[in-house]
Amino acid sequence: MVRSKVVPDNDKKELSEILKISGETINDCMQCGKCTAGCPATGGMDILPHQIIRDLQLGQVKKVIESKTIWSCASCFACASRCPRNVDLARLIEAARLLIVRKKGSDRLKPETVSELMEDKKMPQQAVVSAFRKYNK
Ligand code: SF4
Ligand code: SF4
């Protein structure tokens, strides 16, 4: 019997966008779990790092972009440095975050809102600058 994966068109489009932004090849992953074993942020994740790659391999992009995991990732690159197959999971997660940020369109941070944000003395300047860079692309 020949098995075929049925991936919804929306997921296919988003998956190809994530792969394009990250430049990664998810099929190289052999599910060894070393990324998950070395990840310091799994406590806040609802899908473990190696499972994120598996879900992407299966075309379950919606599940990935709706997960808490992509916002819990600290971009520490421990997973990438441990991977025996040179898969950079941190780049894939960042690509998933960028996909969401780019979709938000009119919700992006605008220059005129920056001074308002700076009135909050607890807001680190670096956070505002990096949010402006990221959300203003
Ligand atoms: S360490 Fe690399 S090969 Fe192993 S599960 Fe993670 S991404 Fe896949
Ligand atoms: S980059 Fe993210 S997923 Fe990878 S080890 Fe660090 S926190 Fe975990």
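These are my notebook entries on one predicted model.

**Entry 1: the overall fold**

I began with the secondary structure. I found nine helices and zero strands in the chain. Reading along the sequence, I wrote the pattern down as α-α-α-α-α-α-α-α-α. Next I looked up burial. Of the 137 residues in the chain, 36% are buried.

**Entry 2: the nonpolar core**

I then asked which residues have the most contacts inside the largest nonpolar core. They are Ile 18, Ile 53, Leu 56, Ile 65, Leu 89 and Leu 92, and the core has 28 residues. I also checked where the core residues come from. Helix 1 (9-22), helix 3, helix 4 (61-65) and helix 7 each give at least two. Helix 7 makes the largest contribution, with eight residues.

**Entry 3: helix 7**

That sent me to helix 7. It runs over residues 89-103 and has 15 residues. From the first C-alpha to the last I noted 21 Å, close to the 21 Å expected at 1.5 Å a residue.

**Entry 4: helix 3 and Asp 55**

Helix 3 (49-57) was next on my list. This helix is mostly covered, with seven of its nine residues buried. I wrote the seven down: Pro 49, His 50, Ile 52, Ile 53, Asp 55, Leu 56 and Gln 57.

I picked out Asp 55, which sits in helix 3. Why does Asp 55 count as buried? Its relative accessible area is 6%, and the cut-off for buried is under 20%. I then looked for a partner. The side chain of Asp 55 makes a polar contact with the side chain of Lys 63, at 3.3 Å. Just after helix 3, I noted that Gly 59 has a positive phi of about 80°.

**Entry 5: around ligand 1**

I turned to the ligands. Which residues come nearest to ligand 1? Among the 13 residues around it, the nearest are Cys 29, Cys 32, Gly 33, Cys 35 and Cys 83. Two elements, helix 2 (34-38) and helix 3, each give two or more residues to this shell. I sorted the shell by class and got eight nonpolar, three polar and two charged residues.

I followed up on two of the cysteines. Cys 35 has 13% relative accessibility, so it counts as buried. Cys 83 lies in the loop between helix 6 (78-82) and helix 7. Cys 83 counts as buried as well, at 19% relative accessibility. I also checked Cys 83 against Gly 38. The two are 45 residues apart in sequence, and their C-alpha atoms are 9.8 Å apart in space.

**Entry 6: around ligand 2**

Ligand 2 has its own shell. I found Cys 39, Pro 40, Ala 41, Met 45, Cys 73, Ala 74, Ser 75, Cys 76, Phe 77, Ala 78, Cys 79 and Ala 90 around it. By class, I got 11 nonpolar residues, one polar and no charged ones. One of the cysteines here, Cys 79, is buried at 12% relative accessible area.

With cysteines in both lists, I looked for disulfides. A disulfide is a covalent bond between the sulfur atoms of two cysteines. How many does the structure hold? I found zero.

**Entry 7: positive phi values**

Last, I looked at backbone angles. Most residues other than glycine have a negative phi. I noted two residues with a positive value.

Phe 77 is not a glycine, yet its phi is positive, at about 70°. Phe 77 sits in the loop between helix 5 (69-72) and helix 6. With a relative accessible area of 41%, Phe 77 is partly exposed. I had already met Phe 77 in the shell around ligand 2.

Asn 86 also has a positive phi, near 55°. I placed Asn 86 in the loop between helix 6 and helix 7. Is Asn 86 buried or exposed? It is exposed, with a relative accessible area of 66%.

Key
Residues numbered from 1 in each chain as written. Chains lettered and ligands numbered in written order. Heavy atoms only, no water. Near = heavy atom within 4 Å. Helix = DSSP H or I, 4+ residues; strand = E, 2+ residues; numbered from the N terminus. Nonpolar A, V, L, I, M, F, W, Y, C, P; charged D, E, K, R; others polar. Expected span 1.5 Å × (residues − 1). Disulfide = S-S within 2.5 Å. Buried < 20%, exposed > 50% of the residue type's maximum accessible area, 1.4 Å probe, protein only. Core = buried A, V, L, I, M, F, W, Y, C linked by side-chain atoms within 4.5 Å. Polar contact = N/O pair within 3.5 Å; in protein donor to acceptor, adjacent residues only side chain to side chain.
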